[in-house]
Amino acid sequence: MKHAATPKPAPPPLLSEYDANDFYCEIMGLDGLPHTQDIRNRLNALDVPAMRQRARSAEQELFDLGITFTVYSDRDAIDRVLPFDVIPRVLSPDDWNTIETGVKQRVAALNAFLHDIYHDQHVLKDGIIPAELVLGNDDFREEMCGVHVPQGTYVHICGTDIVRDEKGAFRVLEDNARCPSGVSYVIENRHLMMRAFPDLADGISIADVDSYGAQLARAMAAVAPRGVSYPTVVLLSPGVYNSAYFEHVYLAREMGAPLVEGQDLIVENDKVYMRTTNGLEEVHVIYRRIDDAFLDPEAFRPDSMLGVPGLFTAYRKGNVTLANAIGTGVADDKAVYAYMPRIIRYYLNEDPILENVPTNICRESEGLKLTLDKLDQLVTKPVGEAGGYGVVIGPRASKRELRELRAKLKKDPANYISQPMVRLSVCPTLVGRAIEPRHVDLRPFALTGDSTWVLPGGLTRVALKRGSLVVNSSQGGGSKDTWVLV
Amino acid sequence: MSSLLARFAGNIFWLGRYLERAENIARILHINETYGRDDPQGPDWRRVLRLYSDEQRFLEAHDDTSPPSVLRFYVLDRNNPSSIAAAIAAARENARSVRHLISTEMWTQLNIFASEVRTLGQRDLRVNTLSSAANLVVTGCQTFEGIAEGTFFRGEPWCFYQIGKYIERADQTTRVLDISFDRLLLDKDDAIALVQWNLLLRSVSAYHAYRSRHPGISRPHDIAAFLLYDSEFPRAVALCVQRLTERLQDIETRHGSRRDAGVETARRALEFSLETGPGSELTPDRLHGFLDGLQVELGNVSSAIRQAYFV
């Protein structure tokens, strides 16, 4: 007769050892959020080894599906995945209502602002924002002055980077009004999550994210040139070597639109055509994932191999629509950002629904002084850099880094802004053999043709290094599925 | 619905060609290794070099034609554009460009398959491992083909995929026949001849098909006629050309792309050669000239298609 084995002690609930360290937690709140109770119970029924097992197969699936970005070396192409964390970030219906209305308001203000600065420039004449900040900006495109864009829409696709402070209040960190990327991960993360953790979401009502492609196609059709009832929409990509190529493929497929490169397009008589197996076919709307500077070697950078000669003239004449419009970069500039609350009030006569992070503008003497005085307490950012590069986090910087920054600030103050350190919210994250708090942000995506629609949720990026505040994928960031409860 | 982008037509054509090529190379290596051992002289690897007219190119970079270096050249060498490694990598890159036009299942399988092929190394070329490596490649290509059969939307992209596949397949069959035929005729020893015939048939997956068509004693002419003209053998040159013709017609009549005079001329020349045939008195020289002509004409069709649709 066999002896009955001593029963193993049940593994501790998954979140029992979790401590958010006084940060606002997206799952626990400050002291337990009622809307995540159900999800917490389900998470607690899992143990770490089971989570790790499922996380591994989810990651393998990303490789198999080729949801990767490719890093090229001399000899080889290496596929990398954006690390995916399996514990979702959860937003309540109220949270989402704030974000959705706030993003719509912000997009409306951005479009009004862009239309104004490329036409009558009231906002400059009324002294709401310094004229040199706009007109002297590298991303201000003088060529766009007086150009009509359909529906007055400049920012068709907008990604708004939002963080949550230690009290749980949402604040806008940055607007991305050029070619914001990452939306494909929102949708793929959801699919992955539903395959890896069907039990976690079972019976919980989560807002659907699958309609993004159809909404994008709708928005693109709404901004077709006048008189075109059945517009041909294409997605213009820099090509397979671009790190976001997977997303371009994904969006083209979701829209049912051809995925073209510059070499596939040609301009004749100020109209844009694509080369097909059946000869030239006219193109009406271009969702372009190429920066302004590379769009048209005749109008902008002459060395661009990615662009289409003559495209800008066709655009200016209204024969083709570009999404986003040319010249939107001036609106998501980090220095212009500081004026967004005033811009919102100026055009919409409303208070901002989503607050900015308070910002010191170093081009103004008062802002520079404040920044230099508290360099070791502030986050200082160069205004012309993307991807988190050049950001100095005062409390974590070495004396030498601060000394170097001080010199740079004095030399070129207009290139910098500074902000108080926001104590970013955290979310439980599977790290090695434990569940630990990691900082997150959120990038909702807004689509605007004749009206604005916001994809429920958005991309939750997570800084996987302990204590890190930098969520960018180029610097050790990953992503999570974002659940908007309905 | 808008027409197919010219560049994508090319990508899909090459996707079909490269996978067909990799499958054929792998099968030939596998068969040469496995069944070539029946030959008293052992597997003849120069035969494979002759088959692809690669002797000169190979000898420029290699000192000898030892089995390991020939195998390396055809399996692993990324600098050889018709190695398995290069063909599968190129197939994947082409698929990546048209990923939005093929099914997710096709892409996923090819992506996993390509990463398996990337892990192949010297250790997979040994006597005891080559067969399973070759098998991995043949099975991977055939799996892709099966998934395409079941999931690939039958629009214009599919037509170009089929066209690429059939041009490559027809070309591969002519090469296998060409390189083997002289030995079929010259070997007077029946036992050796039988080994050669079987080897040839297996190189194009024709062994069982041929046996059911021609039970009993085989003559070289029957084998040649079977590989060139059998209307039920899927790798027969005439059947490939017939499928190619049908897909070209589809492109024009069902998908609205324009008829191209250059393609039509090249295709008719190919068809005419096939109909005329190598003549009744089949000598190695005559067959060689005939097959050479077919290869040139397949190449002409391919360039005419490129001119008409891919640029």
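Apart from neighbours within four places in sequence, B:Ala238 has contacts with B:Leu228, B:Tyr229 and B:Leu274, two residues being in contact if their C-beta atoms, placed from the backbone, lie within 7 Å. This is a predicted model, in which local features need pLDDT of at least 70 and side-chain atom pairs count only at pLDDT 80 or more, while totals for chains, interfaces and linings use all residues. Residues are numbered from 1 along each chain as its sequence is written, and chains are lettered from A and ligands numbered from 1 in the order in which they are written.

- B:Ala238 belongs to helix α12 (residues 237-253) of chain B; helices (H or I, at least four residues) and strands (E, at least two) are DSSP runs, numbered from the N terminus.
- B:Ala238 is partly exposed because 19 other C-beta atoms lie within 10 Å; a residue is buried at 20 or more such atoms, exposed at 12 or fewer, and partly exposed in between.
- B:Leu227 is eleven residues from B:Ala238 in sequence, and their C-alpha atoms are 8.6 Å apart.

**Contact between chains A and B**
- Chain A gives 19 residues to the contact and chain B gives 21 residues.
- On the chain A side, α2, α9 (245-255), β7 (259-260), β9 (271-276) and β10 (279-282) each supply at least two residues.
- That side of chain A consists of eight nonpolar, six polar and five charged residues; Ala, Val, Leu, Ile, Met, Phe, Trp, Tyr, Cys and Pro count as nonpolar, Asp, Glu, Lys and Arg as charged, and the others, Gly among them, as polar.

**Helix α2 of chain A**
- Helix α2 (residues 48-65) of chain A has 18 residues and spans 26 Å from first C-alpha to last, close to the 26 Å expected at 1.5 Å a residue; the expected span is 1.5 Å times one less than the number of residues.
- A:Gly66 follows α2(A) and has a positive phi, near 70 degrees.

**Sheet of chain A**
- An open sheet of three strands runs in the order β8-β9-β10 (chain A), with antiparallel pairing; two strands pair if DSSP finds at least two bridges between them.
- β8 (265-268) and β10 of chain A are the edge strands, each pairing on one side only.
- Four bridges join β8(A) and β9(A) in the antiparallel sense, and A:Leu265 stands opposite A:Met274 in β9(A).

**Domains of chain A**
- Chain A is divided into domain 1 (88-194 + 208-354 + 447-484) and domain 2 (358-420), with bounds from an automatic or database domain assignment.
- The C-alpha centres of domain 1 and domain 2 of chain A are 28 Å apart.
- Eleven residues of domain 1 of chain A are in contact with ten residues of domain 2 of chain A.
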